[in-house]
Number of protein chains: 2
Amino acid sequence: MDLKKIQDPHFLKDLSVKECEALSEEIRRFLIDTLADTGGHFSSNLGVVELTIALHRQFDSPKDRIVFDVGHQGYVHKILTGRAESFTSLRQHGGLSGFLKRDESPHDVFEAGHSSTSIAASAGMLFAKPHTDIGHIVTFIGDGALASGMALEALNFIGHYPEKTPIIVLNDNEMSISENVGHLARMLTKVRMRRSYRSLKRRTRRFLPKFLRGFTTRVEQRIKGFISGYTTFESMGYEYFGPLDGHDFKQLFQAFETAKKTLRPTVIHVRTTKGKGYEPAENDKTGRWHGVPPFDKETGDFKKKTAEGRASYSDIVARYMEERIKGDTPFYVVTPAMISGSKLQGLKDRFPEHVIDTGIAESTSVTLSGTLASEGVGTFLTVYSTFLQRGYDQIIHDVARMRSPLVIGLDRAGVVGGDGETHQGIYDIPMLSHIPHVTIAHPRDGRELIRLFNRAFHSGRDPFVIRYPKMDVPFDEALLADDSPLIEGWELIRDGASATIITFGPMLDELDDLIEREDLDVRLINSRFIKPLDKETLDAVPLDKPLLIHEESTLKGGLGSMILQYLATHRRVPPFRQFGFDDAFVSQGARDEVLKDYGIDAQSVIDALKEMLDEA
Amino acid sequence: MDLKKIQDPHFLKDLSVKECEALSEEIRRFLIDTLADTGGHFSSNLGVVELTIALHRQFDSPKDRIVFDVGHQGYVHKILTGRAESFTSLRQHGGLSGFLKRDESPHDVFEAGHSSTSIAASAGMLFAKPHTDIGHIVTFIGDGALASGMALEALNFIGHYPEKTPIIVLNDNEMSISENVGHLARMLTKVRMRRSYRSLKRRTRRFLPKFLRGFTTRVEQRIKGFISGYTTFESMGYEYFGPLDGHDFKQLFQAFETAKKTLRPTVIHVRTTKGKGYEPAENDKTGRWHGVPPFDKETGDFKKKTAEGRASYSDIVARYMEERIKGDTPFYVVTPAMISGSKLQGLKDRFPEHVIDTGIAESTSVTLSGTLASEGVGTFLTVYSTFLQRGYDQIIHDVARMRSPLVIGLDRAGVVGGDGETHQGIYDIPMLSHIPHVTIAHPRDGRELIRLFNRAFHSGRDPFVIRYPKMDVPFDEALLADDSPLIEGWELIRDGASATIITFGPMLDELDDLIEREDLDVRLINSRFIKPLDKETLDAVPLDKPLLIHEESTLKGGLGSMILQYLATHRRVPPFRQFGFDDAFVSQGARDEVLKDYGIDAQSVIDALKEMLDEA
């Protein structure tokens, strides 16, 4: 069938199992073909083809609410709800979102980009249900997301309401974004191996009349207690079904129909194979095929390669940390499930004892690493800028207030590209700038990155945050041996008399080039320390000439606002313009497209400057 | 013995059980006598007298790390580590902290004010242990704190490391701050009732030789699976002991000694009676005796009463919400464990279906209430300003980005008094101001509070945050019927030509009085909407006269910084001063003492103004 002709998932109701299987094949082919061109979240979507078809066949979306956790595994859902045609624009500027998006479809009942919120959202819907026409509430959550605190506390909370009937579909693919962490993961593995138990359970169910169900349950518990010790969900108040084969329609249909009739909170444990139908992804154990750039379908080679003599910031950081681990004093790298994303796989393979992956547990990763550093052990926490939002309170209490000498690397700071709105690294500066004792820095390039890290680990007191973008930069291994003096304060990139521009990161070179090309007489300052401000340099800014400040970040609470406060209080504010994101969620797209869209690309800064000079 | 002579807990090693019991009596008497005068956290400390003595007797603090969760139950610990003498200054300006504080003692190895961080902190210490002289790591956590996501994810994480040996002491008093929530709580209750099982377990252990331990465990699991279905901790990878009587020294000593020798992560489940030894507190089921003002020892009456014709902001909010619940459309009040603190007990008793207590699960409370409101059901989330920090990411993603019409009440905004550093409500403005679509308001008094709530519930789109301090204000029930037009924008309190002062909340009346008394010609503006700014009013501010902005909040990202950005970009910045907290954690004390200390009381503002006028 032509997937692009699908308008609505209702056609699924009439399909036989065989037809559903054929449709699965079709969808898998479509996903592989399309994503080979566009890139996107790959393995997780191939894994949930049957599961998503079965959900839309047995439930009536959007009256029945299907709540996707994270939503990067929602591609099949998008196809079934009439969006196949838009896939060529997936994750591109102005194109189809890589996550669920209510603007796109009424079937996208809840939007998420960060993990583990789906159960709490479902709880909200459960309370709304008696007052609305909401039908069943089906939560679709992965095993990695379930091990996160927010999912666990919401699961525990709903267990308090035995009359509420959420249907929680646990998509267990033995691997969240990279490897799964925690005892819960090991426990699920155990359960998966209890095929004998499952068939026993099914047999018991089948042959005993309904009125004996209560008794059965007790007998079952006894057997289970003996065989596997696995009663976690049941002890939390849930009816538990599973583990089912997530690629077997018959099992799925049956389980969903049973769940519909169950009058208690229910967990359906479904086992799926990530990357199913595409061999390189099926065999991937490290998460390389979680999110992919365009690739060659035949060979499985990624088309986008890092150019010779360049490296991503993540890669440079991983290399730098390797040298620290090899050093004389104990050293740990901590990350909340970003082993693959932050290029730490090699490091973890070589030094497994020194790389601590907490799983999707950002709050825990902050408090753990902050305490480890407070105990005098060298510690580096690496986390995406956007995910540190989950550890804001812990940064205040357990890191800053404790004056822990924790060094934090904020990966993907600034505009992130295809992940869009939910992943933009544009809030960490306002989130951190008002916290006492925190230093925030942002390097201009790979060399400065290393010097900033040297500085950070040298200080030995108070948290030090270094942010860096998702970007390749020139890199040479020799830079790692940099022993130049420890940098402090801002840097004068070029001097000039007619105006001052202050910025940090990649925008420095872009502006420097433009100023050169347009032959302007402008002072350009690298504010590599966003906090604390370099007051000496600020005291030298002429008050009668324009001052322009650029930050690839949110304006409120940002660098420009801190500079304004300093000048307004201690000196005077010169003719002023600032560039950054203000009061808007910033959509997906390539960095240069997005900056242009929001009027904060280099050319916009220079145009504004010339206007100010003309006015003066 | 004279508690004030205690220097160090080592004297405990020599005490017999009888002597420990006598010491417990002594400490209880001391706590009741002292707290009757000073106020403070009461019930939780009376409950853990034996437990804390036993911990310090069996372990060697600080080499053995005793990590207190929250720390408000650390009073006995403070007495045993040489701080009894300082108790008269408890929670007062410059006095003894109500929480653990490393400045006070080397035995305070971890500071906390917010719940549920202790297990993650202990994880950090577990990784530091091989590189330091750290001995045992003992985590002391309550049942309420354990149900919070962060505790659960950390518990799950440590289960991944069977060779790590944390000793987690679960202090189960059937009630965290108010009533316990979630299935975990129900499960613990169940276990508590299984006395028969416990004695069975102990008998089995005692009589079977060691080499049969493995077999025993299997037999035990079978019995447990059958009897109670309770294997949660064991299924997460922990050796489990309990439930023990937390007031029986023999049981506690034995359990701690056994735990020391256990080579796996261990949970010791201890049952204690909150408020033990003081009848009114023992019988308290609502948390009234959790944190108390000074009280009459004999009668149990609180000495601090709300004066006639006045009410706390929390009380007014509860009354207002009661009217909403009684209205024609469905309406819910959601709170993360702040039923007692935010004066919602009466409301919960009268309308149990309409008050949702998520337990200490701030993130879940935000996403749940945001989604409920998004589904079109009237919803009010009430949370302390400081605790909303745990829901920052969820406010961005699940409330603001979803444009949920959730109304949020931020209780205890501003300086909070005795709770001090960890509880100051001074970060919510910078935390929220950079999030798109969020309105932030702060009333001048009870009347304006009600008008702001009317406005918030009328808007029907986008989140609306109303913050209010811990404070009594004049109140009359008739105000609830206020049907005055919906307020917008700022309010001119008094006009004047020589300068402009902008502020909000209680400082308005204080400044108004001072201006009157000192006969100054000053314009005073009530910026009751902190965001969005009232641009019309700002456009009328004279640029040649001083502008002073006061906020009982952190400066970076605050009201003053937003006003500066507006003026610098659209007009020009007049002679400027701002008053607020900058780059400092703010210590405990009465509000007027603290404001004076940090130079942001009304007199300091007026003094600065006069200085500016003299200079001009």
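In chain A, four residues of domain 1 are in contact with four residues of domain 3, where contact is defined as C-beta atoms, placed from the backbone, lying within 7 Å. On the domain 1 side of chain A, the residues touching domain 3 are three polar and one charged, with no nonpolar ones. Here Ala, Val, Leu, Ile, Met, Phe, Trp, Tyr, Cys and Pro count as nonpolar, Asp, Glu, Lys and Arg as charged, and the others, Gly among them, as polar. The C-alpha centres of these two domains of chain A are 44 Å apart. For the bounds, domain 1 of chain A is 15-194 + 230-292, domain 2 is 310-481 and domain 3 is 491-615; such bounds come from an automatic or database domain assignment.

A word on what we are looking at. This is a predicted model, in which local features need pLDDT of at least 70 and side-chain atom pairs count only at pLDDT 80 or more, while totals for chains, interfaces and linings use all residues. Residues are numbered from 1 along each chain as its sequence is written, and chains are lettered from A and ligands numbered from 1 in the order in which they are written.

Next, the two chains. Between chain A and chain B, 95 residues of chain A are in contact with 95 residues of chain B. Helix α16 of chain A, residues 362-374, gives the largest share of the chain A side, eight residues. By class, that side has 40 nonpolar, 41 polar and 14 charged residues. The same surface serves both copies, and 100% of the contact residues of chain A recur in chain B.

Now one helix. Helix α1 of chain A, residues 17-38, has 22 residues and reaches 31 Å from its first C-alpha to its last, close to the 32 Å expected; the expected span is 1.5 Å times one less than the number of residues. Helices (H or I, at least four residues) and strands (E, at least two) are DSSP runs, numbered from the N terminus. Which residues of α1(A) are buried? They are L23(A), S24(A), I27(A), L31(A), L35(A) and T38(A). Buried means 20 or more other C-beta atoms within 10 Å of a residue's own, exposed means 12 or fewer, and partly exposed is in between, with C-beta atoms placed from the backbone. Seen down the axis of α1(A), its buried residues fall within an arc of 110 degrees, so they line one face of the helix; the arc is that of the directions from the helix axis to the C-beta atoms. On the other side of α1(A), K18(A), E25(A) and D33(A) are exposed. After α1(A) comes G39(A), with a positive phi near 75 degrees.

Last, some backbone details. A cis peptide bond joins K531(A) and P532(A), with omega about 0 degrees. P532(A) sits in the loop between β19 (529-531) and α21 (535-539) of chain A. In chain B, R91(B) is not a glycine, yet its phi is positive, near 65 degrees. R91(B) counts as buried, with 22 C-beta neighbours inside 10 Å.

Definitions and conventions. Contact = placed C-beta atoms within 7 Å.
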